[in-house]
Amino acid sequence: MTEPVYDLLIRGGRVATVSDVFEADVAISGETIAAIGRGLPGARREINARGKLVLPGGVDSHAHIEQLSAAGIVNADTFESATVSAAFGGTTTVIPFAAQHVGMKLPQVLEEYHALAKKGAVIDYAFHMIIADPTKETLEVDLPDLIKQGHGSIKIFMTYDRLKIEDEPLLDILLAARDGGAMLCAHAENHGIISWMVKRLLARGYTDPKYHAISHARVSEAEAFNRLIGMAALIDQPIMIFHVSTAEGAKVIRDARGQGLKVFAETCPQYLFLTADDLDKPGVEGAKWMCSPPPRRASDQEALWQALALGDLQTVSSDHAPYRFDETGKLRAGSNPNFKQVANGLPGLEVRLPLLFDAMVSKGRLGLEKFVELTATAPAKIYNLHPRKGSIAVGADADIAIWDPQREVTLSDAMIKQFLDKNPISDADIQAEYDSQIGAMPREYKASHILVKTKDEADALLAKLKAGADFADLAKKNSTDPGSAKNGGDLGWFAPSSMVKEFGEAVAKLEKGKMTETPVQTQYGFHIIKLEDTRTPTPPALTENGVKTQIENIVKQKKIENYLTDLRKTAKVDMKATAAPASAASSESSK
């Protein structure tokens with residue numbers, strides 16, 4: 001019997017790159033793409049991808065994970081939960097931040113963040129270096145050494161009291177970046193304008209979250225862009241401008257690039273899908289949608305889409321910066337904070353690609369090739385990860401996500417795999433959901449549920465069900481979970497650990513075809529759960545490529561801890577020496 005040529009074969013899918021879409025088999029040996037063609041010989045394991053799209057795994061080049069802010073608040077996610085969430089959303093490489101604060105030594109900061117990532121990350125990662133304390137030692141000793149080690153990107157803030165870099169030290173940082181050959185990334189807003197607006201709004205009693213958007217005046221973005229671009233041109237240093245949010249900001253970048261200046265820029269889903277109106281909620285509810293810069297107007301969304309189409313903006317990152325809606329996060333200052341006291345940031349690692357796929361591919365906005373470019377290939381090239389990352393090509397890392405372009409889902413809080421209580425872009429119907437990545441799969445459950453607000457409501461529905469009422473019918477009429485209501489309660493297949501703890505534990509105790517005897521209470525309300533089916537997929541052969549995978553229950557299940565340890569030892573790709581790190585963003589009451 002002939003020994004299989006490859007470890008894994010993805011058979012018959014439609015492969016997409018920035019320039020072509022074609023049907024092909026993709027063969028993988030170890031963790032590397034070994035061949036692309038039709039009718040390739042067999043492998044130890046084969047995936048039938050007919051009718052599916054075979055795309056490069058996403059590269060999210062701007063995310064805040066397990067990061068300490070200047071106010072002493074740490075993001076809700078750990079590296080484990082965040083990278084699991086990223087994998088579920090089709091992202092296989094992430095570049096978060098190693099955040100220096102005043103008084104910290106930059107090498108020690110990098111060492112500490114690498115230790116956190118090595119402990120928990122299940123996909124590949126690199127780091128941007130945030131510089132908040134540009135001392136002579138930092139710029140003349142530490143930074144050159146770190147750049148030589150492969151940390152190739154720096155981030156600075158032009159706003160936030162405890163993080164902002166003034167113009168003269170910013171020129172020093174730009175010069176140090178040029179001398180070392182690193183990219184400089186920036187959160188560019190005019191601090192003086194924002195501070196002036198905040199003080200006057202609060203003094204007049206305008207404290208609700210919606211005034212956060214007003215405090216970040218539109219001119220603060222365009223002015224800071226112009227100032228930063230001028231300083232970078234003086235030094236002749238390439239720059240990346242993060243999270244462009246306004247039409248005016250996009251125009252500044254277009255004009256600069258038209259002059260041949262070395263300017264790159266990105267935007268984020270919150271500026272393409274949300275507006276300032278989303279902050280206008282009762283009480284402090286709007287705090288859940290607070291980020292900096294804030295979402296703007298519908299007209300800005302259109303301007304940003306145009307800028308993406310024209311190439312003025314090269315990437316779309318998540319700017320993932322999750323904080324729980326409680327005293328550990330956004331409500332740290334109490335149950336009724338003013339907008340200045342609320343931690344800024346939104347989660348986005350898991351929903352970035354599904355939202356963009358729906359808009360760009362399913363709805364035909366920019367097309368499949370542009371989707372691949374903006375979410376994978378362009379960020380990989382900008383941050384020196386290409387050709388290993390960002391493309392499906394022979395010799396590249398086998399970072400692959402398989403998408404089902406016909407599948408429709410409704411985003412909901414319960415489906416997100418982060419340590420959060422709110423997904424800011426929920427209740428959204430999207431078509432073409434991320435289907436799978438290459439890797440191991442745990443035991444799965446298929447269940448239905450009905451979610452209601454009170455126990456009395458749940459008890460009443462449970463009584464009707466026990467009397468013979470139809471579960472799907474009651475779910476459609478009564479469930480407050482939009483996805484559940486739309487699908488007759490059907491949640492599809494999932495691992496218990498990917499759900500809220502109480503929900504997952506209840507599902508794992510049920511027998512097939514059985515229903516919970518009493519309502520299950522979670523932070524979302526009261527659930528009636530019915531277990532439809534269970535399955536235990538056969539684990540794939542362990543290859544180095546397996547680290548870039550959908551490992552559904554790594555967050556909590558102790559029984560696979562040893563398995564994960566072995567997996568990381570076998571397969572972890574150390575990006576430390578190859579990625580172009582940037583800098584970590586942490587604002588005092590922000591990221």
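**Loops, helices and cores of the chain**

Colleague: Where is the place of aspartate 236?

Modeller: Aspartate 236 sits in the loop between α7 and β13 (239-241). Helices (H or I, at least four residues) and strands (E, at least two) are DSSP runs, numbered from the N terminus. This is a predicted model, in which local features need pLDDT of at least 70 and side-chain atom pairs count only at pLDDT 80 or more, while totals for chains, interfaces and linings use all residues. Residues are numbered from 1 along each chain as its sequence is written, and side-chain values use heavy atoms, with hydrogens and water left out.

Colleague: What is phi of aspartate 236?

Modeller: Phi is near 65° for aspartate 236, a positive value in a residue other than glycine. Aspartate 236 has a relative accessible area of 41%, so it counts as partly exposed. Buried means under 20% relative accessible area, exposed over 50%, and partly exposed in between (1.4 Å probe, protein chains only).

Colleague: And what about phi of glutamate 66?

Modeller: Glutamate 66, also a residue other than glycine, has a positive phi near 45°. Glutamate 66 is in the loop between β6 (58-60) and α1.

Colleague: Why is helix α1 largely enclosed?

Modeller: Helix α1 (residues 79-88) is largely enclosed by the rest of the structure because nine of its ten residues are buried. Phe79, Val84 and Phe88 are among them. Just after α1, glycine 90 has a positive phi of about 90°.

Colleague: How many residues of helix α11 are buried?

Modeller: Nine of the eleven residues of α11 (residues 352-362) are buried, and the helix is mostly covered. The buried residues include Arg352 and Asp358, as well as Leu353, Leu356 and Phe357. Glycine 364 follows α11 and has a positive phi, near 75°.

Colleague: Changing topic, which residues have the most contacts inside the largest nonpolar core?

Modeller: Ile241 and Phe371 have the most contacts inside that core, which has 116 residues. Helix α7 (residues 218-235) contributes the largest share of this core, eight residues. A nonpolar core is a set of buried Ala, Val, Leu, Ile, Met, Phe, Trp, Tyr and Cys residues joined through side-chain atoms within 4.5 Å. A second, separate core of 15 residues includes Ala24, Val26, Ile28 and Ile33.

Colleague: What is phenylalanine 371 in contact with, leaving aside neighbours within four places in sequence?

Modeller: Phenylalanine 371 is in contact with Leu55, Leu353, Leu356, Phe357, Met360, Val361 and Trp403. Contact means heavy atoms within 4.5 Å.

Colleague: Which residues does a cis peptide bond join?

Modeller: Proline 293 is in the loop between α9 (269-273) and α10. Another cis peptide bond joins histidine 386 and proline 387, with omega about 10°. Proline 387 lies in the loop between α12 (368-382) and β16 (400-410).

Colleague: Where is glutamate 302 found?

Modeller: Glutamate 302 is in helix α10 (residues 298-310). Its relative accessibility is 42%, so glutamate 302 counts as partly exposed. The C-alpha atoms of glutamate 302 and leucine 272 are separated by 7.8 Å, and the two residues are 30 residues apart along the chain.

Colleague: How many helices and strands does the protein chain have?

Modeller: The protein chain has 17 helices and 21 strands. Of its 591 residues, 61% count as buried. Of the contacts in the protein chain with a separation of 6 or more, 78% come from residues 24 or more positions apart.
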